[in-house]
Amino acid sequence: MHIDPGSLNTRQMYQWMIHTILPRPIAWISTCDPAGRTNLAPFSFFMGVCAKPPTLLFCPVNDRHGHPKDTLRNVEATREFVVNLVPLALCEAMNATSESLPHGESEFDRFNVTPSPSIHIRPPRVAGCPVAFECRLDRIIRVSEGPAGGNIVLGTIVGLHVEDSILGADGFPDAERMNLVARAGGDLYLNGGEFLRMVRP
Ligand SMILES: Cc1cc2nc3c(=O)[nH]c(=O)nc-3n(C[C@H](O)[C@H](O)[C@H](O)COP(=O)(O)O)c2cc1C
């Protein structure tokens, strides 16, 4: 079959995208508002960009009223965020924090997620996550306006936290020890699976 995006509504197109672009790593993002109140939410439209300067991106869409989500509001206001990577042990907590709470109410407190202080920035990282990137905002690209409108947040990595216990013999994180969860379509997630080794030409 061939699909013409113009024949689909936004919801249908979103469904096709999340059922095809996978597995997606999950950025579990902690931020603070200007008063220092914490916020935590998952985003799977997330990827690395480049290492010079070390840069990553994630994409919070506007809510159904066309308003920015709390994460985007906080990043715009404070220019700081932490990307935490989600291990299997914390996947249910991660999912719980996708609930939309009133602005200012902390998902850390509501869902008993343990914060751990960051080194360079104010938002805490999530204790128990094997990897966390402390980031400062580089820029925000507005792709579209209104409900479901897209935003690309580019962040410069200013600190990288790695649990010593996940390091492999080569000194880098071992994927099996990280035991991360990735997002697929609908309610499906991926954990584990087979690794292939291929040497680049
Ligand atoms: C695994 C997972 C991945 C998600 N990925 C995204 C995403 O990439 N972009 C987005 O706007 N919302 C995404 N969401 C929904 C947000 O987490 C949700 O809207 C959340 O309430 C936003 O919180 P905030 O208002 O505190 O920023 C995802 C939810 C889950 C469970």
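**View 1. Backbone at the end of helix H2.** Arginine 79, which lies just after H2, adopts a positive phi of about 65 degrees. The coordinates shown here and in the following views belong to a predicted model.

**View 2. Buried residues of helix H2 and their packing partners.** Within H2, the buried positions are Asp70, Thr71, Leu72, Asn74 and Val75. These buried residues pack against five strands by name: strand E2 (27–32), E3, strand E6 (80–85), strand E9 (131–142) and strand E10 (151–162).

**View 3. Surroundings of the ligand.** The ligand is surrounded by 17 residues, of which Ala41, Phe45, Lys69, Asp70 and Thr71 are the closest. At least two residues of this shell are supplied by each of strand E3 (38–43) and helix H2 (70–78). E3 provides the largest share, with 4 residues.

**View 4. Open sheet formed by E1, E11 and E12.** Three strands, in the order E1-E11-E12, make up an open sheet with antiparallel pairing. Strand E1 (24–25) and strand E12 (189–191) each have a single partner strand and stand at the edges, so one side of each lacks a neighbour in the sheet. In general, the strands of a sheet pair through backbone hydrogen bonds, in either a parallel or an antiparallel manner.

**View 5. Pairing of E1 with E11.** The antiparallel pairing between E1 and strand E11 (residues 181–183) extends over 2 bridges. Arginine 24 is located opposite arginine 183 of E11.

Key
Residues numbered from 1 in each chain as written. Predicted model: local features only at pLDDT ≥ 70, side-chain atom pairs only at ≥ 80, totals over all residues. Near = placed C-beta within 6 Å. Buried ≥ 20, exposed ≤ 12 C-beta atoms within 10 Å, placed from the backbone. Contact = placed C-beta atoms within 7 Å. Pairing = 2+ DSSP bridges.
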